Amino acid sequence: MSPIDLLNTTCSDLEQAKAKTTALLTERQAGYSLSQPLYNDPHMFRIDMEEVFEREWLFMGMSSEIPKRGDYITVEVGQNPVLIVRDANGDINAFHNTCRHRGSRLCSKERGKVANLVCPYHTWTYDLKGKLLFAGTEMGDGFDMKEHGLRSAHCRVAGGFIFVCLAKHPPESDFDEFLATLDEYMEPYDVDNTKLAVESTLIEKANWKLVLENNRECYHCEGSHPELLNTLLEWDDTEDPRAPQDFLDHYAEQAAQWDAENIPHKHKSFGLRNRIVRMPLKKGTSVMTMDGHSACKKLLGRIKNHQLGSMRILHLPNSWNHMQSDHFIVFRVLPISAQETMVTTKWFVHKDAVEGVDYDVDRLRHVWDATNDQDRVLAEENQRGINSRAYTPGPYSTTYEFGVINFVDWYSNSVLANLATSSLK
C-alpha cells in the first residue's frame, strides 16, 4: 500500500487498525519482539505515523546548518513537509511547508537561503516568522491577511539540536529536563561554531522499528562491524550490566581527565526516551576513524583533550548521536512506508576547518559509511525473515539486548497512551 493509498483508508479501516494495534500491544509478551503486523502492515504503519511521528518530539537537524538569517532546511515527516528557518532575530522557527493559499510546498530544496518565503505557485509571500506579506489584490477587499499566516510547528533548540513536534499539544513529561541537560553537556562543543562537512542518506527496506532495534544493541557488532570495533567498546553505557572491571577502570581514568577540564560525562537518563552518557573509546584511540587517530586537525569548541571518547545521545523515536573531540556525527531516522526507512547521517567539524587541509572527507566518514551499510543489510534481512509466515515474536537477551527491550517498551507504552488520548478527543 502506497502513502497515497493510506490517505484513502476508510474511517472503518483506521478504527479497526487502532483496535488491532491496541490489542497487540496490550497482549504482547514482555521481553519479546513485536507481533508481525507491527513490523509490516501498512495500516499499523499509519498508526505509527499518527501516534508517534505526528505526536512526539522529533530530531530534525543542527542549528549550525542554518547559521544566518533566511537559511532553511526542509524535512519530510511522512505526508507532512516541514520547513525550518532562521529569522532576522536569530530565532529558529518551524512551519508546515504548505502555502495557505492552495497548499503548494513553499520550499522544495533540502536546504537553501531566502529573503522571504515565496510560494512558487502564485507568489504569496511570507516573512521568516510566517506572517503573510503579499497575496495580491485578486483576493478582494474582504480578505484578511492576518488570518492566513503559515501554520507553525512546535520547535525547541538545545545544545544545537533542533526538535520539532507536529502535534497541537506536544508531550511534556521530562523533555524540558532533557533539553537543559543537553545544553549543559553540549556546551564544550560550541555547536554554533561548527559546520556540516558531509552527509549521507540510506533507504533501508525495513520497518523503522527494526532500524532502531538494531541500533539499540551491540550483540551483533563483533560479527558485523569490524571497522567500528577498531575504536568502539561494545558496552552500551557506563551502567551496562556486562561491563567488566577493566572497562570500569578505563572509564574512571578517562573520567578523571574529563573532570579536570569540566567536561560533563555522567550517565543521564530521562525515562526510556532520552539518554546522554560519555563513553571512552578503546585505549590508544581518540575518535572513530579506521586507525583511531584524529579526523580533523581543529578540535571543537573549548576542547583540548583528544581523548574525549564518544558522548552518546539517544532521542527516541528517531535519533542517536556520537560527539567526539574533533567532529561529531548525528543520525536521523524517518519512516517512509511500513517496510522502508530513511536514515540520514551528518558529520560536523569546526567551522574554520578547511577540507583537504584540516580534514579529509573520506577519512571522516569511512567507519560510519561501512557501519551504516552493514546495518542496512542486517535490518533488511531481519525484515525479510519477519515477513515469513513462520515468524513469531522471539525473546530478547536481558543483558545483551536490554536497550532493545527499553525501546520496545517505550514504543508500546507511548502508542497505547497516545491511542487512549486520541479516543477521548
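**Cysteines, rings and backbone**

Cys119 is buried, at a relative accessible area of 2%; buried means under 20% relative accessible area, exposed over 50%, and partly exposed in between, with a 1.4 Å probe and protein chains only. This is a predicted model, in which local features need pLDDT of at least 70 and side-chain atom pairs count only at pLDDT 80 or more, while totals for chains, interfaces and linings use all residues. Residues are numbered from 1 along each chain as its sequence is written, and side-chain values use heavy atoms, with hydrogens and water left out.

Cys107 counts as buried, with 6% relative accessibility.

The structure does hold one disulfide. A disulfide is a covalent bond between the sulfur atoms of two cysteines. Here Cys218 is joined to Cys221, with 1.9 Å from S to S. The link of Cys218 and Cys221 is left-handed, with -110 degrees about the S-S bond. Cys218 is buried at a relative accessible area of 11%, and Cys221 is buried at 4% relative accessibility.

Turn next to the annotated domain. An unreviewed UniProt entry carries the annotation "domain: Rieske" for residues 57–164; UniProt positions are given in the numbering used here, feature names are shortened, and annotations may be inferred rather than shown by experiment. The span of residues 57–164 is 0% helix and 42% strand, and its end C-alpha atoms lie 6 Å apart. Helices (H or I, at least four residues) and strands (E, at least two) are DSSP runs, numbered from the N terminus.

The ring centres of Phe59 and Phe163 are 6.3 Å apart and the planes are at 65 degrees, so the pair is edge-to-face. Rings of Phe, Tyr and Trp (its six-membered ring) pair if their centres lie within 6.5 Å; planes under 30 degrees apart count as stacked, over 60 as edge-to-face and the rest as tilted. Phe59 is in strand E1 (residues 58–62) and Phe163 in strand E10 (residues 161–165), so the pair links distant parts of the chain, 104 residues apart. Phe59 is buried at a relative accessible area of 2%, and Phe163 is buried at 1%. Both belong to a cluster linked by ring pairs, which also includes Trp57, Phe161, Phe175, Phe178 and Phe270.

How many aromatic pairs does the structure hold? There are 19. One of them is formed by Tyr39 and Tyr391, edge-to-face at 6.5 Å centre to centre and 80 degrees between the planes. Tyr39 lies in helix H3 (residues 37–40) and Tyr391 in the loop between helix H9 (361–386) and helix H10 (402–423), so this pair ties together parts that are 352 residues apart in sequence. Tyr39 and Tyr391 are buried.

Rings also meet charges. The charged end of Arg242 sits over the ring of Tyr400, 4.6 Å from the ring centre; this requires NZ of Lys or CZ of Arg within 6 Å of the ring centre and within 35 degrees of the ring normal. The charged end of Arg278 sits over the ring of Trp258, 5.8 Å from its centre.

Arg278 is also among the residues touched by Ser310, as are Met279 and His322; contact means heavy atoms within 4.5 Å. Ser310 lies in strand E14 (residues 310–315) and is buried at a relative accessible area of 1%. The side chains of Ser310 and His322 make a polar contact at 2.6 Å, that is, a pair of N or O atoms within 3.5 Å; within protein, one must be able to donate a hydrogen and the other to accept it, and residues adjacent in sequence count only if both atoms are side-chain atoms.

The backbone comes last. Most residues other than glycine have a negative phi, and most peptide bonds are trans. The peptide bond from Leu316 to Pro317 is cis, with omega near 20 degrees, and Pro317 is in the loop between E14 and strand E15 (319–323). Asp190 has a positive phi, near 50 degrees, and is partly exposed at 31% relative accessibility.

Key
A disulfide is a pair of cysteine sulfur atoms within 2.5 Å. Lists of a residue's contacts leave out its neighbours within four places in sequence.
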